Each structure stands twice: as structure tokens, then as C-alpha cells.
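Have the model open while you read.

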Amino acid sequence: MSALFDFKAFLTVVLLTICTCTYVKLKAPSILAEKTGFRGLFWKGARIGERLSPWVGIGCFVMGCTVLFF
């Protein structure tokens with residue numbers, strides 16, 4: 001099933017995208033320097049990951065537990 005139709009898979013994709021964008025911005029900030037267009041979505045994901053990092057971390061931990069145990 002596509003991640004667009006399964007809510008659990010959609011949340012997993014969103015969390016992994018936020019975590020990946022934040023990591024890329026920390027390692028190579030010039031890649032996500034553009035704030036508009038298609039790359040702007042990834043810049044916004046990195047910004048969410050930077051500002052809400054404790055909540056994103058908790059979300060990733062909960063997501064990992066649900067993938068392992070449910």
C-alpha cells in the first residue's frame with residue numbers, strides 16, 4: 001500500500017524526511033540554502049527538525065517502537 005493512504009506509513013515518511021533534512025543541513029548547509037521552490041520544502045523540514053528537535057526525537061523513538069513491536 002502507498003504511504004499516502006496508510007496514516008502510519010505517512011507519519012513514518014514525514015518523520016524520516018524531517019530527520020534527513022536536518023542531518024543534511026548540519027553536514028552541508030549550502031545544499032538547503034534555497035528557501036523557495038521544491039528545495040524550500042526540504043529547508044522547511046530542516047527548520048522543523050532544528051526547532052522541535054526534542055519532539056522529533058521522541059516521535060522517532062515512538063515510531064521505532066511501533067515498527068518493532070506492532
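Let's begin with Arg 47 and Glu 50, whose side chains meet in a salt bridge at 3.4 Å, N to O. The term salt bridge here means a side-chain nitrogen of Lys or Arg within 4 Å of a carboxyl oxygen of Asp or Glu. Both residues sit in helix α2, and because they are 3 residues apart there, about one helical turn separates them.

A quick note on ground rules: this is a predicted model, where local features need pLDDT of at least 70 and side-chain atom pairs count only at pLDDT 80 or more, while totals for chains, interfaces and linings use all residues. Residues are numbered from 1 along each chain as its sequence is written, and side-chain values use heavy atoms, with hydrogens and water left out.

Glu 50 has another partner: Lys 25 also forms a salt bridge with Glu 50, with the closest N and O atoms 3.7 Å apart. Lys 25 belongs to helix α1 (residues 7-27) and Glu 50 to helix α2 (residues 37-51), so this pair ties together parts that are 25 residues apart in sequence. Helices are DSSP runs of H or I, at least four residues long, numbered from the N terminus. The structure holds 2 salt bridges, and Lys 25, Arg 47 and Glu 50 are linked in a network.

How accessible are these three? Buried means under 20% relative accessible area, exposed over 50%, and partly exposed in between (1.4 Å probe, protein chains only).

| Residue | Relative accessible area | Class |
|---|---|---|
| Lys 25 | 16% | buried |
| Arg 47 | 29% | partly exposed |
| Glu 50 | 31% | partly exposed |

Back to α2 itself. The helix has 15 residues and reaches 21 Å from its first C-alpha to its last, close to the 21 Å expected at 1.5 Å a residue; the expected span is 1.5 Å times one less than the number of residues. Gly 40, Trp 43, Gly 45, Ala 46 and Gly 49 are buried in α2. What covers these buried residues includes α1 and α3 (53-69).

Now the cysteines. How many disulfides are there? The count comes to 0, taking a disulfide as a pair of cysteine sulfur atoms within 2.5 Å. For Cys 21, the closest cysteine sulfur is that of Cys 19, 9.4 Å away and too far for a bond. Cys 21 is buried, at 7% relative accessible area. Cys 60 is in no disulfide either, with the nearest cysteine sulfur, that of Cys 19, 3.1 Å away.

Key
Helix = DSSP H or I, 4+ residues; strand = E, 2+ residues; numbered from the N terminus. Contact = heavy atoms within 4.5 Å.
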